[in-house]
Amino acid sequence: LPIEPAWAGAWTVPRHRWYAEYFYRYFYAKKDFNQDGNSNRKANAGIFSDIRNEWKLEYGLTDWLTVLAAVPYQSAHSRDDNSDALNTGVGDIYVRTKLRYLEKPVVSSVQFSWKIPSAYDPKVSPGLGDGQVDFESRLLVSRAWTFAPLDASRHAAISRDHPAMSDVMA
């Protein structure tokens, strides 16, 4: 299973407040990995790209329990000397819960995630997602540093009355 970075922090959104985030991702590849883990040039001068525009919304059910939903709009493009295929639509949808159990000395939460394959069709290439329903759990640990912003990810965020998020996004 691939390991993905956890962009969200361990903070939960206060009760009846919300946090929205938009981000853009671009993936590009001219190489594939073989069964030995070595990279090789794609056959027939092939190129693959994937562009995602994603909205994430978090809502605080309580001060320590947050629900999240992430919905991407995705464009996957595969091209080589023999073909050119483009597939665009809503990608895999994520529904998550985040349960905060510690605030000091660091913020710690456990997050449970459910991936819903929304647009996967095995007859259409390139695919948007993999057609699997996935469940995942993550342990999140965060700390706000007030002397400098440390958020280096490429996304924009808005928050409604969420001081901990403001520290990170400053």
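The legends below accompany close-up views of a predicted model.

In this predicted model, local features need pLDDT of at least 70 and side-chain atom pairs count only at pLDDT 80 or more, while totals for chains, interfaces and linings use all residues. Residues are numbered from 1 along each chain as its sequence is written, and side-chain values use heavy atoms, with hydrogens and water left out.

**View A. The aromatic pair of Y26 and Y28.** The structure contains three aromatic pairs, a pair being rings of Phe, Tyr or Trp (its six-membered ring) whose centres lie within 6.5 Å, called stacked if the planes are under 30 degrees apart, edge-to-face if over 60 and tilted for the rest. One of these is formed by Y26 and Y28, which are stacked, with 6.4 Å from centre to centre and 15° between the planes. Y26 is partly exposed at a relative accessible area of 45%, and Y28 is also partly exposed, at 44%, where buried means under 20% relative accessible area, exposed over 50% and partly exposed in between (1.4 Å probe, protein chains only).

**View B. The aromatic pair of W114 and F135.** The ring centres of W114 and F135 are 6.3 Å apart and their planes meet at 5°, so this pair is stacked. Because W114 lies in strand β8 (residues 107-116) and F135 in strand β9 (residues 134-142), the pair ties together parts that are 21 residues apart in sequence; strands (E, at least two residues), like helices (H or I, at least four), are DSSP runs numbered from the N terminus. W114 is partly exposed, with a relative accessible area of 38%, whereas F135 is exposed, with 66%.

**View C. The surroundings of L99.** L99 belongs to strand β7 (residues 93-102) and is partly exposed, at 32% relative accessibility. Apart from its neighbours within four places in sequence, L99 is in contact with W64, L65, S108, S109 and V110, contact meaning heavy atoms within 4.5 Å. Between the C-alpha atoms of L99 and F112, which are 13 residues apart along the chain, the separation is 8.6 Å.

**View D. The surroundings of T66.** T66 is placed in strand β5 (residues 65-79) and counts as buried, with 0% relative accessibility. The side chain of T66 reaches the backbone nitrogen of V13 at 2.8 Å. When neighbours within four places in sequence are left aside, the residues in contact with T66 are T12, V13, E58, Y59, G60, R96, T97 and K98.

Terms used:
A polar contact is a pair of N or O atoms within 3.5 Å; within protein, one must be able to donate a hydrogen and the other to accept it, and residues adjacent in sequence count only if both atoms are side-chain atoms.
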